[in-house]
Amino acid sequence: MTFTVFLFHLHFKNQMETVTMSTPDIAEVDQFRCRVDEIFQKIDKLEKKVNEVEQFYLNANKKKKSSSKGNSIREEQDKGRHVPSIKKQQQDASQRESTAAKRMQELMRQFGTILRQISQHKWAWPFMQPVDVKGLGLHDYYKVIEKPMDLGTIKNQMEAKDGNGYKNVRAICADVRLVFDNAMKYNEEGSDVHLMAKTLLEKFEEKWQLLLPKVTEEEKRREEEEAEAQLNIQLVREASHAKRVQAISNELYEVDTHLEQLRETVVQKCRKMSTKDKRNLGTAIARLSTEDLNKALEIIAQSNPGLQAMAEEVEIDIDAQSESTLWRLNFFVKDVFEGCDKSTAGNNKKKRKKGICDAIAQTVKKKSKKPSS
């Protein structure tokens, strides 16, 4: 579906304002203008929709380019993929989170067994409660240790029911390591506490290595499930925007058709072009640039199917053209030269005017094909 209708409507409005009717009828002209204004309002709304859809696909393309390896394989798999509804996705997400939470609880239970074994070791007693900094006179403790930690605090946080507890096993593992790292950092190597902390850390790492494969497997599974969920969301959005694009395309076709019908009506009501008008038109066409001349030839070709607009040499017989074609050419060359005269008004206006000229050459065709529903 052509988007030139956005540009063409400005040109059409100029026609409405400058055309000379064969039989002046102010009421009829006002009626035309009201119809055109209604279409313009619809076009403004459509243009916003088009911009929103365009932005969506630009963002989607950026995400695809920045995606990981194997994306092309995934895209092939997605072509025949069934896209679940939003409601179904919400249900799946809730069930997935519930199942994943149960799996994580099981891992944390197994980690709790490790923590209990370490806590029951004969050398674990110095690490079961927070360090009594004041009682032991450790005035520099907080200067050396940034984040104090102990096994008792870890146990309490694992059992917390207020939602502030640990969310995953790796977070607990990090805190257990912190307990012994702090002890070895503050106490000199060779001291009893340093040796006790080092020994317990080694025992903990041995047990942790046995649980680690399960933790890694669970993390990978969660990552794949999240990627799957995000993909489904993206597919639903793309499907929704695809329907939206089709709807916009149909609306644009209707608007384009209405504008074309109005333009034809206006052209038909134009007065008959005089010999002087034709001569001036021929002179103006001769002054067109190569690019604009090709567009003018395309306009002529609409009512002269045998004309080869792209041939190296084309003879134009102004007197042989229909009144409709002559007025189309007249509007076209007028806009071209007005655009040149106003070029100093700024690059944006110049580009807009050039776009209008492009639009005229494209929208003069009546569309015989209806859009797919």
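## Surface and overall build

How much accessible surface does the chain have, and what share of it belongs to carbon and sulfur atoms? The accessible surface comes to about 23800 Å². Carbon and sulfur atoms account for 50% of that surface. Such areas come from the Shrake-Rupley method with a 1.4 Å probe; for residues, only the protein chains shown count as cover.

This is a predicted model, in which local features need pLDDT of at least 70 and side-chain atom pairs count only at pLDDT 80 or more, while totals for chains, interfaces and linings use all residues. Residues are numbered from 1 along each chain as its sequence is written, and side-chain values use heavy atoms, with hydrogens and water left out.

The chain holds 13 helices and zero strands. Helices (H or I, at least four residues) and strands (E, at least two) are DSSP runs, numbered from the N terminus. Along the sequence the pattern reads α-α-α-α-α-α-α-α-α-α-α-α-α. The chain has 373 residues, and 36% of them count as buried. Buried means under 20% relative accessible area, exposed means over 50%, and partly exposed lies in between (1.4 Å probe, protein chains only).

Contacts tell us about the fold too. A contact means heavy atoms within 4.5 Å. Take the contacts between residues at least 6 apart in sequence: 80% of them join residues at least 24 apart.

## Helices H7 and H8

Helix H7 spans residues 151-158, and helix H8 spans residues 169-186. Their axes come within 9 Å and cross at roughly 165°. H7 is therefore roughly antiparallel to H8. The axes are lines fitted to C-alpha atoms, for helices over the stretch in contact, and angles run from 0 to 180 degrees between N-to-C directions. Angles under 35 degrees count as roughly parallel, over 145 as roughly antiparallel, 65 to 115 as roughly perpendicular, and the rest as oblique.

Which residues meet here? From H7 come Leu151, Ile154 and Met158. From H8 come Ile172, Asp175, Val176, Val179 and Phe180. By class, this contact has seven nonpolar, no polar and one charged residues. Ala, Val, Leu, Ile, Met, Phe, Trp, Tyr, Cys and Pro count as nonpolar; Asp, Glu, Lys and Arg count as charged; the others, Gly among them, count as polar.

## Two residues in this pair

Lys155 lies in helix H7. Is Lys155 buried or partly exposed? Its relative accessibility is 43%, so Lys155 counts as partly exposed. Lys155 and Arg116 are 39 residues apart along the chain, and their C-alpha atoms are separated by 8.9 Å.

Asn182 sits in helix H8. Asn182 counts as buried because its relative accessibility is 7%. Leaving aside neighbours within four places in sequence, Asn182 is in contact with Tyr141, Ile145, Lys147, Pro148 and Met149.

Leu329 belongs to helix H12, residues 323-341. Its relative accessible area is 0%, so Leu329 is buried. Beyond its neighbours within four places in sequence, Leu329 is in contact with Leu281, Ile285, Ala296, Ile299 and Ile300.

Ser303 is in helix H11, residues 290-303. Ser303 is partly exposed because its relative accessible area is 36%. Not counting residues up to four places away in sequence, Ser303 touches Ser322 and Thr325. Ser303 and Ser324 are 21 residues apart along the chain, and their C-alpha atoms are separated by 8.9 Å.
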